[in-house]
Amino acid sequence: MSNEKQSDEKINQEIESLRSEILQLERSNELLKKRHDHYQKIIESTDNLITEVDPEGYFIFVNESASTVFEFSPEECIGKSAFDFIHPDDRERTITSFENWIQKKVQSATFHNRQVSKSGNITDMLWTINFNYDDKYNLTSIMSIARDITEQKQLEAAHQLNLHHLQSLSKIDGVIRSGVDAEEVMGRIMEIILEIFDCDRAWLLYPCDPEASSWSVPIEKTKPEYPGAFTKNEYVPMTDDAAQAMKQILESNEPICGILKPGEPNYDQLDEFRIRAYLIQAIYPKVGKPWELGLHQCSYDRIWTSEEKVLFK
């Protein structure tokens, strides 16, 4: 009986020990679950984009911010290539950087590029990237946190634009103060405008008056490969189309711009001056009729940016 009693006590002790271990495991699991839920809440509530991709760059995890940056739900992103969301102008640079990092087996990196959403919205992102390797140093995954720096980039661009604007005005002011005659001053100013906008032709037309019988382009500066359209002081008879264009320019408070290519209303297949894009506005001197200031791009179908229009105005 004594042996049986001892055996029962030993079993009870083992059972009690097992219960204690189970209780500790349950408490540990509960604590782990709380920590997991806490971290998950942080990951999903942050405005930062958090991603994990496999070694080929396909998403295996994204947080809820993907819905804002990519305009796809996290579930929809899984299996998609992260490189498909990169701005076309940044894609090659990004892929090259990743290939270099992987080849060198770096642990972490910082990188900036632009992401394009499903609707075409562009977001500037600053990435903090961590590379995960196994014990044989084979890449297993890449985890990243990206911060939206679009507003910062816009402020930097605005600052650069203002600086460029002031530098341009300073150049023009220096020419005006040089003391040379008016015609030479205007010629130098047109050269500066040609340089500032990196266009192919800059010109002044006079008068910008739909009621005038003729007009001329007394000042014009061009790149060598795109010679000027008109000879100095050559007067051209006014046509209905020219008068209508001048009227539109005079009525507008903003510069008039456009692209000339097949399919566009103003495209002229026989245009010997190869004008592909233009930016034009009226200039009102204190005395006399308005002038017309214009820029031509002949080398490609240029789309004038809002910053360039502000600077031109």
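Me: What is the relative accessible area of Met143?
Reply: Met143 has a relative accessible area of 38%, which means that it counts as partly exposed, where buried is under 20%, exposed is over 50% and partly exposed is in between, using a 1.4 Å probe and protein chains only. Met143 lies in strand 5, and strands here are DSSP runs of E with at least two residues, while helices are runs of H or I with at least four, both numbered from the N terminus.

Me: What kind of model is this, and how are residues numbered?
Reply: This is a predicted model, in which local features need pLDDT of at least 70 and side-chain atom pairs count only at pLDDT 80 or more, whereas totals for chains, interfaces and linings use all residues. Residues are numbered from 1 along each chain as its sequence is written, and side-chain values use heavy atoms, with hydrogens and water left out.

Me: Back to Met143, then: which residues is it in contact with?
Reply: Once neighbours within four places in sequence are set aside, Met143 is in contact with Thr51, Glu52, Thr128, Ile129, Asn130 and Asn132, contact being heavy atoms within 4.5 Å. Phe61, which lies in strand 2, is 82 residues away from Met143 along the chain, and their C-alpha atoms are separated by 8.9 Å.

Me: And Asn132, where does that one sit?
Reply: Asn132 is found in strand 4 and is partly exposed, with a relative accessible area of 26%. Leaving out neighbours within four places in sequence, Asn132 has contacts that include Glu52, Leu139, Ser141 and Met143.

Me: Which residues have the most contacts inside the largest nonpolar core?
Reply: They are Leu49, Phe59, Phe70, Ile129 and Phe131, in a core of 25 residues; a nonpolar core is a set of buried Ala, Val, Leu, Ile, Met, Phe, Trp, Tyr and Cys residues joined through side-chain atoms within 4.5 Å. Among the elements that each supply at least two residues of this core are strand 1 (49-53), helix 4 (88-104) and strand 5 (139-148), and strand 4 gives the most, with five residues. Leaving aside neighbours within four places in sequence, Phe131 is in contact with residues including Phe98, Trp101, Ile102 and Leu139. Apart from this core lies another, of 19 residues, among them Met190, Phe197, Leu293 and Trp304.

Me: How many cavities of 30 Å³ or more are there?
Reply: The count comes to one, where a cavity is a set of points, on a 1 Å grid over the protein atoms alone, at which a 1.4 Å probe fits but cannot get out, and lining residues have an atom within 4 Å of a point. The volume of the largest cavity is about 190 Å³, a volume being the space filled by probe spheres set on points that are joined across faces, edges and corners.

Me: What lines the largest cavity?
Reply: The lining has 17 residues, of which Ala82, Ile86, Phe98, Trp127 and Ser144 lie nearest the centre of the cavity. Strand 3 provides the largest share, three residues.

Me: New topic, backbone: which peptide bond is cis?
Reply: The bond from Tyr206 to Pro207 is cis, with omega near -5°, and Pro207 lies in the loop between strand 6 (201-206) and strand 7 (214-222). Most peptide bonds are trans, and most residues other than glycine have a negative phi.

Me: What is the phi of Glu71, and of Asp198?
Reply: Glu71 is not a glycine, yet has a positive phi of about 65°; it sits in the loop between helix 2 and helix 3 (74-77) and is partly exposed, at 29% relative accessibility. Asp198, also not a glycine, has a positive phi of about 50°, lies in the loop between helix 6 (182-197) and strand 6, and is partly exposed with a relative accessible area of 48%.

Key:
On a 1 Å grid over the protein atoms alone, a cavity is a set of points where a 1.4 Å probe fits but cannot get out, and a pocket is an open set with protein on both sides within 12 Å along at least five of seven lines; lining residues have an atom within 4 Å of a point.
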